[in-house]
Amino acid sequence: MKRLVAGALLLVLAGCGVDDGRSIETDGELGGTLTVFAAASLTDVFTDLGDQLESEHPGLDVQFNFAGSSALATQVTQGAPADVLASADEEQLDAVADLGAGDPAVFAENTLVIAVPAGNPADVRGLADLADAGKSIALCAAEVPCGAAAARVFDAAGLTPAPDTLEQDVRAALTKVQLGEVDAALVYATDVAAAGSAVEAIEVPEAADVVNRYPLMVLERAPNPLAARAFVDLVRSDTGRQALADAGFRLP
Amino acid sequence: MTHPVGPKSRLWPQRQGRGGGVPAPLLVPALLGVAFLVLPLLGLLVRAPWSDLGPQLARPGVGEALRLSLVSATLATVVSLLLGVPLAWVLARSQVRGRSVLRALVTVPLVLPPVVGGVALFLVLGRQGIIGRWLFEATGFSLPFTTAAVVVAETFVAMPFLVISVEGALRAADARFEDAAATLGADRWTTFRRVTLPLVAPGIAAGAVLCWARALGEFGATITFAGNFPGTTQTMPLAVYLTLQRDPEAAIVLSLVLLGVSLATLLLLRDRWLGRGAVT
């Protein structure tokens with residue numbers, strides 16, 4: 001009973017308390033501004049889904065802040081007015097989990113693949129080629145998430161990689177593949193999917209267990225909780241799942 | 001001849017000794033300027049984990065990165081001097097047509113985001129680059145991801161600072177000394193060596209310092225073109241950036257080390273070679 005009263009009170013507060021025009025509702029229609037903080041690797045998928053939600057609800061304006069997961073976590077902790085947070089890193093989300101309304105749920109997964117320049121000039125076939133000092137190899141530095149994941153893959157495979165450069169992020173590693181300056185790099189499947197025809201992916205069976213899981217949650221202090229819920233539902237719908245799969249994500 | 005005294009310096013010698021104070025319209029903005037430049041440094045000093053200093057410095061790779069930074073920045077400055085001083089002379093003294101276009105082209109690296117500069121270097125000197133491809137096919141040598149690539153990237157970004165400084169010094173220098181040398185029968189090369197160079201030496205020194213400092217702090221072009229590998233291409237700014245991803249406090253310590261070493265070097269050089277009161 002107490003819970004019901006509290007819930008009702010919350011609804012009343014939500015209905016009349018917010019007066020800054022961010023969550024104006026008209027006849028149950030979503031409106032105002034929805035602010036989504038999301039990991040940079042979600043840029044393409046989420047932008048499309050946001051456009052779709054806006055076209056379904058003409059009064060709604062969806063704003064995105066795409067950045068690294070640790071930067072997003074910091075911004076949310078510092079009180080940034082976000083409605084939804086989608087992270088590429090479960091650990092980073094754990095740090096802000098108590099700011100969420102409900103538990104975060106994993107909605108997508110990303111795995112590492114070998115990226116090679118179109119045509120695979122150095123004839124790279126698998127992870128063992130990345131331990132070949134004669135080949136020019138780019139990996140992410142151990143300090144950034146893709147580098148930590150790569151280290152786990154090599155550990156599991158019992159290989160010592162022979163990188164020529166340890167890149168500051170996954171896109172920098174991919175750029176060097178696109179330019180043909182390295183023979184191969186270990187990057188995320190989604191990055192290869194986004195890079196187009198200049199880059200080819202080689203599946204890495206050894207990487208199957210090293211998975212980056214993407215959690216998603218509505219924030220407790222979301223200025224526009226209804227729109228936030230609608231966006232999360234869209235991401236988890238068949239449409240959302242299809243868009244994620246097309247972008248190279250695995251679905252849990 | 002090493003200390004040419006122009007007519008101007010003879011006119012204003014007593015000025016420095018006068019304790020007239022700085023006029024308020026200059027003093028207030030000047031103080032604001034100092035605060036703006038120094039406060040962030042103060043922030044680093046305040047936040048630095050001083051008790052951690054020893055262990056952080058002893059970490060493997062720190063000494064290596066520092067040594068690599070100093071060596072590559074110095075080499076980049078040497079290359080910049082060898083190419084940049086003649087270039088500045090051409091811009092300031094010669095009658096070559098299209099000098100203003102040339103000057104604009106030379107300053108491109110100043111406005112180019114360094115990361116873009118790194119990609120541009122790939123397109124010319126990389127394994128698939130216009131020149132690099134030919135080099136790779138002929139010799140099997142590929143420049144990216146080598147220490148030489150660090151020097152190339154730093155030179156690309158830092159040399160314009162030297163060129164601009166030296167060109168300014170050349171323009172400000174009194175050309176009548178050169179004319180006098182010419183009337184005494186010196187050819188242009190001799191005039192350049194015996195008259196022009198000593199005349200603009202403080203300007204060259206200032207440009208070299210600026211160039212060295214810029215090369216020492218270079219990040220974007222280096223990490224793009226030379227990559228990042230400890231001992232080969234990981235300079236201090238790269239080490240600082242990557243440490244920042246995991247351990248911000250350690251990154252602050254590394255920044256302070258770089259800052260301390262560079263300030264000490266500059267002060268030492270200033271005393272040693274530039275003498276007191278030199279233009280820096």
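Of the 280 residues in chain B, 37% are buried, meaning under 20% relative accessible area with a 1.4 Å probe and protein chains only. This is a predicted model, in which local features need pLDDT of at least 70, side-chain atom pairs count only at pLDDT 80 or more, and totals for chains, interfaces and linings use all residues. Residues are numbered from 1 along each chain as its sequence is written, chains are lettered from A and ligands numbered from 1 in the order in which they are written, and side-chain values use heavy atoms, with hydrogens and water left out.

Chain B has 15 helices and zero strands. Helices (H or I, at least four residues) and strands (E, at least two) are DSSP runs, numbered from the N terminus. Take the contacts in chain B between residues at least 6 apart in sequence: 73% of them join residues at least 24 apart. A contact means heavy atoms within 4.5 Å. Chain B exposes about 16,100 Å², and carbon and sulfur atoms supply 69% of that area. Such areas come from the Shrake-Rupley method with a 1.4 Å probe.

Now look at one helix pair. Two packed helices are described by the angle between their axes and the distance between the axes. Helix α9 of chain B spans residues 147–172, and helix α12 of chain B spans residues 201–216. They pack at an angle of about 160°, with axes 8 Å apart. The axes are lines fitted to C-alpha atoms over the stretch in contact, and angles run from 0 to 180 degrees between N-to-C directions. That angle makes α9(B) roughly antiparallel to α12(B), a term for angles over 145 degrees.

Which residues meet? From α9(B) come B:E154, B:V157, B:A158, B:M159, B:F161, B:L162, B:S165, B:V166 and B:A169. They meet B:G203, B:I204, B:G207, B:A208, B:L210, B:C211, B:R214 and B:A215 in α12(B). By class, this contact of α9(B) with α12(B) has 12 nonpolar, three polar and two charged residues. Here Ala, Val, Leu, Ile, Met, Phe, Trp, Tyr, Cys and Pro count as nonpolar, Asp, Glu, Lys and Arg as charged, and the others, Gly among them, as polar.

Next, find B:A251 in helix α15 (residues 248–274) of chain B. B:A251 is buried, with a relative accessible area of 2%. Leaving out residues up to four places away in sequence, B:A251 touches B:V240, B:T243 and B:L244.

Chain A has nine helices and nine strands. Buried residues make up 49% of its 252 residues. Chain A exposes about 11,700 Å², with 52% supplied by carbon and sulfur atoms.

Notes. Buried means under 20% relative accessible area, exposed over 50%, partly exposed in between (1.4 Å probe, protein chains only). Angles under 35 degrees count as roughly parallel, over 145 as roughly antiparallel, 65 to 115 as roughly perpendicular and the rest as oblique.
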